[in-house]
Amino acid sequence: MKNEEILQKTRTFVETCMSGNDPSHDFSHVRRVFDNAVRIADTMTGCDRFYLEMLVLLHDIDDRKLAAAGAHRVDDFLETLPLSPSYRQRISEGVRQISYHAYTQKPQRVDLEVAIARDADWLDAIGAIGVARAFLYSGARGHAIYGGPDETATTLHHFEEKLLGLSRCLVTEQGKRMAEERQAYLYAFYQRLCAEIKGER
Ligand code: ADP
Ligand code: NI
């Protein structure tokens with residue numbers, strides 16, 4: 001099986017897996033992350049494009065928020081592909097390292113491709129698309145915009161606890177450049193939202 005056939009099989013698998021997700025994590029997220037990743041990779045040398053695309057495609061399949069607890073859908077799927085055990089292991093490990101949770105829990109050196117996929121994923125959580133996704137995520141779970149019985153389960157809290165600081169976590173030069181305008185937009189939106197909530201605007 002050629003690499004392009006493996007990628008096509010993986011795209012089909014991922015599209016099926018994500019079809020039941022709320023729209024903040026549908027397959028269009030994967031397409032945008034892939035586009036971001038290509039824009040970053042195009043500025044760098046030594047990137048394994050096959051590995052990068054596999055990471056991007058599989059990065060949210062076993063996400064703790066989206067999959068059943070203890071799901072091993074990525075590893076089970078990788079078993080079906082004609083890859084060497086070491087390459088399979090590399091993809092499996094790389095996918096686990098992409099998540100923000102892994103990033104905050106265990107700072108560690110990662111492959112260039114993991115760093116690119118991470119930056120590309122985080123770019124999709126800021127800017128206008130990031131605003132849209134945060135509200136889709138909250139809406140799907142019935143979270144309030146602000147206030148509510150649990151202040152920590154609100155969209156505004158998610159902005160403060162994670163999204164507003166995300167652009168500082170990016171590591172690639174191109175990713176950082178792409179994040180600038182998105183970060184400015186996200187912050188302006190947040191400020192405006194707070195002002196309107198307070199009745200100042
Ligand atoms: P990662 O895939 O890097 O672990 P997440 O899956 O936590 O990141 O976040 C992906 C998307 O879901 C982002 O757009 C983020 O804003 C949104 N999201 C995650 N948690 C929340 C939350 N508690 N409230 C609102 N949006 C959220
Ligand atoms: Ni993602």
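Mentor: Burial first: a residue counts as buried under 20% relative accessible area, as exposed over 50%, and as partly exposed in between. Keep in mind that this is a predicted model.

Trainee: OK, so where does Tyr 103 fall, and why?

Mentor: Tyr 103 has 26% relative accessibility, so it counts as partly exposed.

Trainee: And Trp 122, buried or exposed?

Mentor: Trp 122 is buried, because its relative accessibility is 3%.

Trainee: Switching to rings. How many aromatic pairs are there?

Mentor: The count comes to 11 aromatic pairs. In one of them, the ring centres of Tyr 103 and Trp 122 are 5.0 Å apart and the planes are at 70°, so that pair is edge-to-face. Tyr 103 belongs to helix H6 and Trp 122 to helix H7, so the pair ties together parts 19 residues apart in sequence.

Trainee: What about Phe 159 and Tyr 190, stacked or edge-to-face?

Mentor: Stacked, because their planes are at 20°, with the centres 6.3 Å apart. Phe 159 sits in helix H9 (residues 155–161) and Tyr 190 in helix H10 (residues 173–197), so this pair links parts 31 residues apart in sequence.

Trainee: Are those two buried or exposed?

Mentor: Phe 159 is buried at a relative accessible area of 0%, and Tyr 190 is buried at 13%.

Trainee: Which residues are in the aromatic cluster with them?

Mentor: Phe 135, Tyr 187 and Phe 189 form one aromatic cluster with Phe 159 and Tyr 190.

Trainee: And what lies over the face of Tyr 137?

Mentor: Arg 141 does, at 3.6 Å from the ring centre.

Trainee: Which of its residues are buried?

Mentor: Among them are Tyr 87, Arg 88, Ile 91, Val 95 and Ile 98. The buried residues of H5 pack against helices H3 (49–58), H4 (73–79), H6 (100–105) and H7 (112–123).

Trainee: Last one, ligand 1. Which residues come nearest?

Mentor: Of the 15 residues around ligand 1, the nearest are His 25, Lys 65, Arg 133, His 158 and Lys 162.

Key:
Residues are numbered from 1 along each chain as its sequence is written. Chains are lettered from A and ligands numbered from 1 in the order in which they are written. This is a predicted model: local features need pLDDT of at least 70, side-chain atom pairs count only at pLDDT 80 or more; totals for chains, interfaces and linings use all residues. Side-chain values use heavy atoms; hydrogens and water are left out. Buried means under 20% relative accessible area, exposed over 50%, partly exposed in between (1.4 Å probe, protein chains only). Helices (H or I, at least four residues) and strands (E, at least two) are DSSP runs, numbered from the N terminus. Contact means heavy atoms within 4.5 Å. Rings of Phe, Tyr and Trp (its six-membered ring) pair if their centres lie within 6.5 Å; planes under 30 degrees apart count as stacked, over 60 as edge-to-face and the rest as tilted. A charge sits over a ring if NZ of Lys or CZ of Arg is within 6 Å of the ring centre and within 35 degrees of the ring normal. A residue is near a molecule or strand if one of its heavy atoms lies within 4 Å of it.
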